Amino acid sequence: MRQLTRRGVGLGAIALGVAGLAEAEDAGFTEWGWPLPYDKVSDHSVAWLREKGWWPLSFGWQGPFSGQNTINVVLSRTDLLAKRGLETKFQAFAAGPDVNEAVAANRVQVGNGGNFPFTSLMDRGVPVKALAIVAPNLKHSTVAPVDSALKSLSDLKGLNPPAVIGIVTGSSAEFYFTQAAEVAGLTIGKDVILKNMPIAEQMTMARGIAAVVPWEPSVTILTDERKTGREIDTIFPYNFYEGRFYVRQELIDNAPDVVQAISDAFMEATLWIRLYPEKAADFLAAEPMLKSYGRDLLLQQTRLYNNLYKPSYSYPLAKFWGEEDARIAKWLKDRNRIVKPLAAKDFEDSFDARFMQKTYEKLGWAIPSRPCFIPASWAGTIGKLPYPEYPNALTLKEPQAWPEKGDLIKPWSFGGKSYRP
């Protein structure tokens, strides 16, 4: 993966010699591909936001959440929202549950969360709808000490005493590991013991722990930077992970033009990052919560979890994600960790694709029929594990090409180049 950090990121690596927000207005697009002019929110909607006490509009995001953090930091440090007539403020949180509490208490109107925190919001009946997908297939890994004899999960079978695995219980990491353990023939409680361990403690690779199960960027820190750990398994065959970018339902009901502006700005930030990954890394490195990570790591993570897939990764394909996330809900309900039984249809209904559909219409992009990481020839079935191989941060050696045939329905411009359907 380090090799990827030194390569260009498809269209995102075009050298322009500038890092500002210069617009190619004569071409009808910004340099990074947003069609001009900007649509502004109505005075009526601004008045409604002020009356609600939601002015400026509040965004909640998670600092140590690769891909998602880049989108939000770029939105916060550019004028992409202001150009649409929105005054906003951004608050960084350390973890998904913290964002949940702020959203549930109405302190935050636009939130970001992984599949587990979002399922918790649904279980609690917090009125939110997802507009877009963020950081799909964020890598989670089982990491053993670098000098460990373990080579795969199957090596943990029959150990006496059982191997202790450091993991954040109630997280996407626990879900992944339990799915992988079942495929490997391991029995939780017999072959392995799961020990609740926050990420910060996992990073110490303490003695007596056979392996830990972090997610990015902690995986890369352990394996590539500190070189104290070695991956013996990853999430990819067992779960399609996704983060969600969502809004409170009241915004959709009372100020839909505001929601549309948010959707448009989200997609414009996605394109901006493709064109200016180095500048995006500068923004990230300046964030107080992220300063300790280092710019090189933040750039590498941006290239992996923002610019590796086609930008259409963001489209909320409700049926696909609904089926996958229903597996999570069943797993949680079976363990009495949520109250409500949530089915695939409930997760489908938790999306509102109308806004991103309109965003794509403005861009002149075709609505994808499947996620960009699922090849037409893919023979897998949701829930039937292990999943056959598909493009991800381990298997992709360079960014997916964009745009390809079928991606556009109208001419589009990016980085000084024009593309036609």
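**Buried residues and aromatic contacts**

Tryptophan 412 counts as buried because its relative accessibility is 1%; buried means under 20% relative accessible area, exposed over 50% and partly exposed in between, with a 1.4 Å probe and protein chains only. The model is predicted, so local features need pLDDT of at least 70 and side-chain atom pairs count only at pLDDT 80 or more, while totals for chains, interfaces and linings use all residues. Residues are numbered from 1 along each chain as its sequence is written, and side-chain values use heavy atoms, leaving out hydrogens and water.

The structure holds 31 aromatic pairs. Rings of Phe, Tyr and Trp (its six-membered ring) pair if their centres lie within 6.5 Å; planes under 30 degrees apart count as stacked, over 60 as edge-to-face and the rest as tilted. Phenylalanine 240 and tryptophan 378 form an edge-to-face pair, because their ring centres are 5.7 Å apart and their planes stand at 65 degrees. These two residues are 138 residues apart in the chain, and both are buried. The rings of tryptophan 412 and tyrosine 419 have centres 6.0 Å apart and planes at 35 degrees, so this pair is tilted. Tyrosine 419 is buried too, with a relative accessible area of 18%.

Charged groups also meet rings. A charge sits over a ring if NZ of Lys or CZ of Arg is within 6 Å of the ring centre and within 35 degrees of the ring normal. The charged end of lysine 52 sits over the ring of tryptophan 54, 4.6 Å from its centre, and that of arginine 84 sits over the ring of tryptophan 34, at 5.0 Å.

Conventions
Helix = DSSP H or I, 4+ residues; strand = E, 2+ residues; numbered from the N terminus.
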